[in-house]
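Open the model in your viewer and follow the selections below in order.

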Amino acid sequence: MQLQLGNEVDGVLNLSLVGRLDTPGVDHIETPLTAHLVPRGASVMIDLSQVTFIGSGGIRMFITIARALGRKGSKMVLYGAQPLVAQVFETTSLNQIVPVRSDATAAAAVVHS
Amino acid sequence: MSARRIGIRFPGTHAGFAQGFARLREALDAERLAGTARYNAELVFEEIVANIVSHGARNGREADVCVTLEPRADSIVLIFSDDGVPFDPRGRPDPVIPKTLAEAKIGGFGLMLVRHAASSLDYVRTADDRNRLTVIVPRG
């Protein structure tokens, strides 16, 4: 699991996750991802198009980070998920409490709304 | 003719989990399992074994975990056997779907995902004091 940092534009971070959000992947990425996002409190768009697997550990991680950002008045939007990853979002109803969009344009519209 | 079975044995630790998952993926590669069935087989392994690693240790001793993979024409059967804390997942309720992020529970999604991926879930505590969970993942 890799974290690829993008540009910060108008106070919105854009980053990509690459690999598997299984237990080893979450163990590897959760601390650096949280440390990068939560202290600065900026809104973030996360590109998931290169994430090939997610389990409940990844769902828990996203809820925890989104909640921490929400307490600072910021938003987290997920976008570009592959169909089987998106299916996990639907099964767990993550997409009902965290914005999940198909592409970067739609995600940006949520962040700036 | 009896069904082919592949056994994967490892300690209920994070390192054991990684070793076991790698061997499962090799077996699924050999089976040429792809798409939704492949994803669901990996998801079931992920959630069940992660639970054993996190909660299965008894008296400070990690669980001994044995996973048996049985490919069938219409399904993949996964049998999880461990000597950890007795745990029957069948009666555990799914988490309540939250209306807001603030009221969302952090955990409880693993078994929900397993139930969604599986067509059948069967549990016994065996005579030799092991959990045995049989999960059937449909191919179609």
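Start with chain A, coloured by burial: 44% of its 113 residues count as buried. Keep in mind that this is a predicted model.

Switch to a cartoon view of chain A. The C-alpha trace spans about 30 × 25 × 25 Å along its principal axes. The radius of gyration of chain A is 13 Å, which agrees with the value near 13 Å for a compact globule of 113 residues. Of the contacts in chain A between residues at least 6 apart in sequence, 72% join residues at least 24 apart.

Next, show both chains and select A:L78, B:V44, B:F45 and B:L78. These have the most contacts inside the largest nonpolar core, which has 68 residues. Helix α2 of chain B (residues 35–55) gives the most to this core, with ten residues. In general, nonpolar side chains in soluble globular proteins tend to be buried together.

Centre on A:L78. Beyond its neighbours within four places in sequence, A:L78 is in contact with A:I46, A:L48, A:F62, A:V98 and A:V100.

Now select helix α3 of chain A, residues 83–92. Which of its residues are buried? They are A:V85, A:V88, A:F89 and A:T92. Looking down the axis of α3(A), these fall within an arc of 100°, so they line one face of the helix. A:P83 and A:E90, on the other side, are exposed.

Finish at A:S93, which follows α3(A) and has a positive phi, near 65°.

How values were computed
Residues numbered from 1 in each chain as written. Chains lettered and ligands numbered in written order. Predicted model: local features only at pLDDT ≥ 70, side-chain atom pairs only at ≥ 80, totals over all residues. Rg over C-alpha atoms; globule rule 2.2 N^0.38 Å. Buried ≥ 20, exposed ≤ 12 C-beta atoms within 10 Å, placed from the backbone. Contact = placed C-beta atoms within 7 Å. Core = buried A, V, L, I, M, F, W, Y, C linked by C-beta atoms within 7 Å. Helix = DSSP H or I, 4+ residues; strand = E, 2+ residues; numbered from the N terminus. Arc of directions from axis to C-beta.
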